[in-house]
Structures are given as structure tokens and as C-alpha cells.
Amino acid sequence: MARDELAANVLASNRAVGRKLAVAESCTGGMVSAALTDIAGSSDVFSAGFITYSAHAKQTQLDVSSEIIETFGEVSLATAWAMAAGTLANSDADVAVAITGIAGPGGGSEKKPVGLVVFARARRGQDPDDYFTQRVQFASTDRAAIRHAATLFALDLLQPDRDELRPSEDVALPAP
């Protein structure tokens with residue numbers, strides 16, 4: 001599904017169930033927020049978008065603790081989880097998705113290669129132990145392709161039918 005069609009579907013699906021959405025973005029730099037707000041009338045569903053590219057921004061805007069970042073790094077399940085929790089805490093959203101990763105072309109390492117993106121999804125009232133978290137290794141080193149693929153993945157996570165997702169295993173996906 002194309003980005004605009006997916007974003008429109010996300011908005012319509014959440015509008016139908018009366019939910020508000022928010023996102024916290026690092027490596028996508030606002031691409032998910034832009035996809036949603038490109039759709040006229042999105043303001044009744046889209047509540048907030050946090051662009052938290054630096055560790056400092058994650059800490060000050062989303063209340064991610066310095067201990068989490070120092071212990072696990074900015075690109076980690078723990079940081080994505082804390083970003084999602086902070087997004088709910090700092091917005092009126094019912095569902096939040098967080099994205100952090102290494103879009104490249106530099107910045108990767110053996111443990112965290114270029115193309116690694118970590119996602120978290122949280123619902124207001126959900127047990128925080130049940131927040132969905134997942135590491136995805138996109139099979140590309142192309143920055144634009146990785147960011148685009150991560151945007152589509154995040155948009156899909158905002159769908160109401162993803163409510164039953166739970167913490168998951170690592171997956172590898174193409175980044176066309």
C-alpha cells in the first residue's frame with residue numbers, strides 16, 4: 001500500500017474507533033507525522049508528533065532516562081519502549097508509536113548495523129509490560145529506502161487491528 005493510501009487508511013480506521021494517535025520519531029525525522037498530516041482533516045485523529053533525533057531531545061521531550069540511553073543506547077528496545085511510554089505521557093493520544101534506528105549511510109556497527117530500526121507501540125491503559133517492541137533489520141544501506149520502509153512499518157503499527165501485538169522477535173525485511 002502506498003504511503004498516502006496507508007496514512008489515509010490509518011486515520012479512517014482510528015477515527016472509526018474514536019482514537020487519537022501520536023508518534024515519536026528519531027531516524028524517520030518526522031516522515032510518519034508528515035504522512036499523517038498530509039491528509040486533510042487529520043487533526044481529529046493525529047494528536048502529536050515528537051521529533052527526538054538526539055539523546056537530549058529523547059530525555060527532555062519524552063522523559064527517556066539517561067540510564068536507559070547509557071545502558072542500552074539510543075537504538076534499542078528499551079529506548080523505543082521508553083519513547084512510546086513518554087509519547088503517551090506527554091500527549092492525549094490513545095496509541096503511540098516510537099521509531100529509532102540507524103538510517104545510514106554511516107553510524108552503524110557490528111551490533112547495530114545500518115538499516116537497524118527499532119519500533120515500539122503503546123496503548124493508553126495497556127500494561128507497559130505488553131507494549132509491542134521489535135527490532136527490524138532492513139536489507140538496505142540506502143538512507144532514503146530505510147527511512148521510507150520504516151515510515152510504512154510505523155504507519156502500519158498505528159492500525160487498530162495491531163492492538164494485540166506483543167513484544168516480538170527480530171525480523172529482517174527488504175527496504176525497496
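Guide: Helix H1 (residues 3-16) packs with helix H6 (residues 143-157) at an angle of about 20°, and their axes are 9 Å apart. That angle makes H1 roughly parallel to H6. Keep in mind that this is a predicted model.

Visitor: Which way does H1 cross H6, left-handed or right-handed?
Guide: H1 passes H6 in a left-handed crossing.

Visitor: And which residues meet there?
Guide: From H1, they are Arg3, Leu6, Ala7 and Val10. From H6, they are His148, Leu152, Leu155 and Asp156. Sorted by class, the contact of H1 with H6 has five nonpolar residues, one polar and two charged.

Visitor: What about Ala8, where is that found?
Guide: Ala8 is in helix H1.

Visitor: How exposed is Ala8?
Guide: Ala8 is partly exposed, with a relative accessible area of 30%.

Visitor: How far is Ala8 from Arg166?
Guide: Their C-alpha atoms are separated by 25 Å, and the two residues are 158 residues apart along the chain.

Visitor: Changing topic. Which residues of H3 are buried?
Guide: In helix H3 (residues 55-62), the buried residues are Ala55, Ala57, Lys58 and Leu62.

Visitor: Where do they fall, seen down the axis of H3?
Guide: Seen that way, the buried residues fall within an arc of 165°, so they line one face of the helix.

Visitor: Then what is on the other side of H3?
Guide: His56 and Thr60 are there, and they are exposed.

Visitor: What is phi for Asp63?
Guide: Phi of Asp63 is near 65°, which is a positive value in a residue other than glycine.

Visitor: Is that residue buried or exposed?
Guide: Asp63 counts as exposed, at 52% relative accessibility. The cut-off for exposed is over 50%.

Visitor: Next, the loops. Where does Pro105 lie?
Guide: Pro105 lies in the loop between E3 and strand E4 (116-123).

Visitor: What kind of peptide bond joins Gly104 and Pro105?
Guide: A cis peptide bond joins them, with omega at about 10°.

Visitor: Which loop holds Asp127?
Guide: Asp127 is found in the loop between E4 and E5. Asp129 also has its place in the loop between E4 and strand E5 (132-139).

Visitor: How exposed is Asp127?
Guide: Asp127 counts as partly exposed, at 41% relative accessibility.

Visitor: And Asp129? What is its relative accessible area?
Guide: For Asp129 the value is 64%, and the residue is exposed.

Visitor: How far apart are Asp129 and Arg166?
Guide: Along the chain they are 37 residues apart, and their C-alpha atoms are separated by 8.9 Å. For Asp127 and Leu152, 25 residues apart along the chain, the C-alpha separation is 26 Å.

Visitor: Last one, Cys27. Where is Cys27 found?
Guide: Cys27 is in the loop between E1 and helix H2 (31-37).

Visitor: Buried or exposed, for Cys27?
Guide: Cys27 is buried, with a relative accessible area of 4%. The cut-off for buried is under 20%.

Visitor: What does Cys27 touch?
Guide: Leaving out residues up to four places away in sequence, Cys27 touches Tyr53, Ile99, Thr100, Gly101, Ala103, Val117 and Arg147.

Visitor: And how far is Cys27 from Thr151?
Guide: C-alpha to C-alpha, Cys27 and Thr151 are 9.6 Å apart in space, and in sequence they are 124 residues apart.

Methods:
Residues numbered from 1 in each chain as written. Predicted model: local features only at pLDDT ≥ 70, side-chain atom pairs only at ≥ 80, totals over all residues. Heavy atoms only, no water. Axes fitted to C-alpha atoms, helices over the stretch in contact; angles between N-to-C directions. Helix = DSSP H or I, 4+ residues; strand = E, 2+ residues; numbered from the N terminus. Parallel < 35°, antiparallel > 145°, perpendicular 65-115°, else oblique. Left-handed = near helix turned anticlockwise from the far one by under 90°. Contact = heavy atoms within 4.5 Å. Nonpolar A, V, L, I, M, F, W, Y, C, P; charged D, E, K, R; others polar. Buried < 20%, exposed > 50% of the residue type's maximum accessible area, 1.4 Å probe, protein only. Arc of directions from axis to C-beta.
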